[in-house]
Amino acid sequence: MRARYGVPLGIAAAGAAGLLYSAGFEARSFRLRRVTVPVLPPGMRPLRVLQVSDIHMVSGQRKKQRWLRSLAGLRPDFVINTGDNLSDPEGVPEVMDALGPLMEFPGAYVFGSNDYYGPTLRNPARYLYEKVQGRHGLNGNAPATNVVHNPWEELRDGFDAAGWLNLTNARSSLKIDGHEIELTGLDDPHVKRDRYARVAGGPSASADLSLGIVHAPYLRALDAFTADGYPLVLAGHTHGGQLCIPFYGALVTNCDLDTERVKGLSKHTEAESGLTSYMHVSAGCGTSRYTPVRFACPPESTLLTLTERATA
């Protein structure tokens with residue numbers, strides 16, 4: 001009798017322990033990633049850029065709010081928010097409260113699909129199935145129907161009132177120590193809201209630094225920014241794979257990006273032009289309210305230190 005039931009019970013216990021760890025500990029174990037990217041022109045002092053992404057705020061997530069507020073102590077030169085702030089239509093006030101201290105700094109934002117639409121309960125195995133089929137988001141899938149519409153306008157108005165730049169298929173710029181930092185953004189490719197033609201043309205000649213900003217790192221967006229000559233692209237969306245296998249990594253990216261570049265700093269080369277850009281993908285600091293778990297992929301934000309690029 002013991003031999004018959006011992007193995008299944010052991011597997012069940014291990015599964016329960018893993019679920020408890022991934023939901024109760026790791027999903028709340030917030031980290032700061034630090035990376036250095038050599039993209040500045042010679043003679044320009046280093047710039048500290050804080051990237052926050054995929055907050056997926058659910059009402060009542062006090063620890064996440066406190067952690068986000070604490071990031072203001074880093075004193076970044078500017079902040080980039082790469083979207084998916086919400087996982088609860090009632091979460092806007094808590095997002096604004098959590099990001100309040102950061103909105104004292106210059107900043108800019110793009111939205112992700114979860115800013116526009118509420119999450120739905122999905123079988124996690126569907127992400128693997130869609131990867132095999134080459135279908136992600138609305139890119140190859142049927143349009144979403146009967147979805148909850150989040151109050152993204154309230155987010156937009158709050159960010160705009162704080163002086164953050166709205167990069168929804170738009171170009172804008174910040175002045176930092178007299179230097180012009182040009183920011184070119186796209187709306188979310190995951191739900192086919194990106195319109196690169198509206199911002200095409202590459203970095204302005206007057207800009208000291210130009211960055212591409214997008215929520216979901218779909219290859220068409222990365223190719224467009226890279227071919228136009230942007231030295232660095234910032235993105236989120238992937239959650240770093242969210243449920244990863246130790247010593248192996250992510251199984252999915254929830255877009256057409258390869259799993260080897262699911263999070264952190266890497267490079268992207270556009271095939272036709274042969275040009276290469278740096279790319280940083282944030283694993284984000286939240287999860288969907290329906291899958292509040294992470295494994296081998298802690299929640300994060302990133303402090304990027306931009307330094308002088310190498311000279312020939």
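## A loop residue: Glu 272

Glu 272 sits in the loop that joins β10 (264–269) to β11 (276–281); strands here are DSSP runs of E of at least two residues, and helices are runs of H or I of at least four, both numbered from the N terminus. The relative accessible area of Glu 272 is 76%, so this residue is exposed. Buried means under 20% relative accessible area, exposed over 50%, and partly exposed in between, with a 1.4 Å probe and protein chains only. Asp 223 is 49 residues from Glu 272 along the chain, and their C-alpha atoms are 9.2 Å apart.

## Basis of the model

This is a predicted model, in which local features need pLDDT of at least 70 and side-chain atom pairs count only at pLDDT 80 or more, while totals for chains, interfaces and linings use all residues. Residues are numbered from 1 along each chain as its sequence is written, and side-chain values use heavy atoms, with hydrogens and water left out.

## A buried glutamine: Gln 51

Gln 51 belongs to strand β2 (residues 47–52). With a relative accessible area of 0%, Gln 51 is buried.

The side chain of Gln 51 has a polar contact at 3.1 Å with the side chain of Thr 82. A polar contact is a pair of N or O atoms within 3.5 Å; within protein, one must be able to donate a hydrogen and the other to accept it, and residues adjacent in sequence count only if both atoms are side-chain atoms. A polar atom of the Gln 51 side chain also lies 2.8 Å from the backbone oxygen of Ala 235. Leaving out residues up to four places away in sequence, Gln 51 touches residues including Ile 80, Leu 234, Gly 236, His 280, Ser 301 and Leu 304, where contact means heavy atoms within 4.5 Å.

## Cysteines

The whole structure contains zero disulfides, a disulfide being a pair of cysteine sulfur atoms within 2.5 Å. For Cys 255, the closest cysteine sulfur is in Cys 244 at 14 Å, too far for a bond. Cys 285 is likewise in no disulfide, and the sulfur of Cys 297, the nearest, is 12 Å away.

Cys 255 is buried at 4% relative accessibility, and Cys 285 is buried at 0%.

## A nonpolar surface patch

Leu 128, Ile 245, Tyr 248 and Leu 251 make a nonpolar surface patch of about 380 Å². Leu 128 is in helix α5 (residues 125–133) and counts as partly exposed, with 40% relative accessibility.

Like charges are joined within 9 Å, and nonpolar side chains (Val, Leu, Ile, Met, Phe, Trp, Tyr) within 5 Å. Accessible areas come from the Shrake-Rupley method with a 1.4 Å probe; for residues, only the protein chains shown count as cover.

Notes. Patch = residues over 30% accessible without salt bridge, like charges linked within 9 Å, V, L, I, M, F, W, Y side chains within 5 Å. Salt bridge = Lys/Arg side-chain N within 4 Å of Asp/Glu carboxyl O.
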